[in-house]
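Keep the viewer open as you read.

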Amino acid sequence: MERERLEPEVRPGDGPDLTAPSEREAGHDAWLVEQARRGDQAAFEEIVHRYERRLTKALYHLVGDIEVARDIAQESFLRFYQALHRFDASRRVGPWLFRIAVNLATDWRRRGRHLSTRARAQQRGVEPTSQVGYPEADDRALAEEVRHVLNQLPEPYRLVLVLRELEGLPNSEIAAITGRKEATIRWRLAQARQMFKELWHARLNGHISHPKDDS
Amino acid sequence: MFSFFRTQWTCRRVRRRLPLLVGGDLTGREQLQVEAHVASCERCRQELCQFEQSAAALQALAESDAALAIPSVLPELRRRLATPRPSSIRREHSFSAAALALLGSLSVTAIVVGTMLVQWAPPGRGNGPSAGAETGGKVAATPTQAVQSSTRQAVAAQLDMAVLASNGSPTSDETAVSDQTQCRYTLDLATPMDAYEPALDEY
């Protein structure tokens, strides 16, 4: 089955495809960064527009809460903006943004999990966004099942599985994001798939609890 | 045929590579060896089948994600860029009155100890007990009076700190300390990214 490919020309808002970067995409990113450095906020906003959906989705799988994922995505873009003058234009924007976001997500998981979505929304003085909408109830149920199993993996394994299986990043990209060698990522991915398979089949056989039973 | 097919890999060796095979991460000789083994081993084939089922589940999640309705972060981001403020994902800890009181106690203790050391300096240097300890504009006749006097000062200072803590209006010096402490829980936007990145090294 064809993995989801994000092509801005066809699906505005989805962002560029990090898995097969074209010279044109990379060149356009570099041009946008240069414009943003000169104070062109529209250029920065285009960068946000290109990457925010993909970044937020990945973060959602890492932190398990769409509001937190949006917060962290926002913070990542803010840090990116503040570090624009130090950004090496020869580097690609995507991996850099993902690296910032993954570090922030890791940090959040270490210290902020105690706050509920509603509590955080109230602290911000806003109503929490309604739950993420799926087109079909069956799709949503299956997605929730998979997400529940995914959340049981230890963080380093969940991270590589999310980046590879859900975001479609190649091992080299994941290595760049996590600061690990490609060989390390390869074996970590193998272990992550093994763990997920065992948990998934245990779930199918009724050996582990349903998400609704956990609450 | 090729020489590497003469010795088939063991099930154990193959199974370690099945998760890589199912994800398309095997190439060349490794891939051929694993595929050759799976073709002739029923148990490893079943194992591969399970990997394919779990991969399909993940694929289903990836496809569901395509329909996720995620509101843009741009409006909030624009607002934050216009008016810089502390991170919204910081840990919601404020500098508590108890911490301020503790800091005050430590400062007072340091003052008391310092005063006692000055009071009990060896005679002949002009400000020891024999020369008369001068505290608060008055001269203490004995070392005991000097200590009592400095203790009173310490208690008064401690009371001041407690009042400050309860009023929540620290002086400029205390504000600086408070801000420093808050930074421990706040995402420091001024920190270079390189300083932040090593967090992943703990993996």
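B:Cys41 has a relative accessibility of 12%, so B:Cys41 counts as buried (under 20% relative accessible area; exposed is over 50% and partly exposed lies in between, with a 1.4 Å probe and protein chains only). B:Cys44 is in no disulfide, with the nearest cysteine sulfur, that of B:Cys41, 3.6 Å away; a disulfide here is a pair of cysteine sulfur atoms within 2.5 Å. B:Cys44 is also buried, because its relative accessibility is 0%. Searching the whole structure over all chains gives 0 disulfides.

A word on the ground rules: this is a predicted model, where local features need pLDDT of at least 70 and side-chain atom pairs count only at pLDDT 80 or more, while totals for chains, interfaces and linings use all residues. Residues are numbered from 1 along each chain as its sequence is written, chains are lettered from A and ligands numbered from 1 in the order written, and side-chain values use heavy atoms, without hydrogens and water.

Now look at helix H3 (residues 28-40) of chain B; helices are DSSP runs of H or I with at least four residues, numbered from the N terminus. Its 13 residues should span 18 Å at 1.5 Å a residue, and the end C-alpha atoms are 19 Å apart, which agrees; the expected span is 1.5 Å times one less than the number of residues.

Which residues of H3(B) are buried? They are B:Gln33, B:Val34, B:His37 and B:Val38. These cover an arc of only 125° around the axis, so they sit on the same side of H3(B), the arc being that of the directions from the helix axis to the C-beta atoms. An α-helix has 3.6 residues a turn, so residues three or four places apart point the same way. On the other side of H3(B), B:Ala39 and B:Ser40 are exposed.

Methods. Helices (H or I, at least four residues) and strands (E, at least two) are DSSP runs, numbered from the N terminus.
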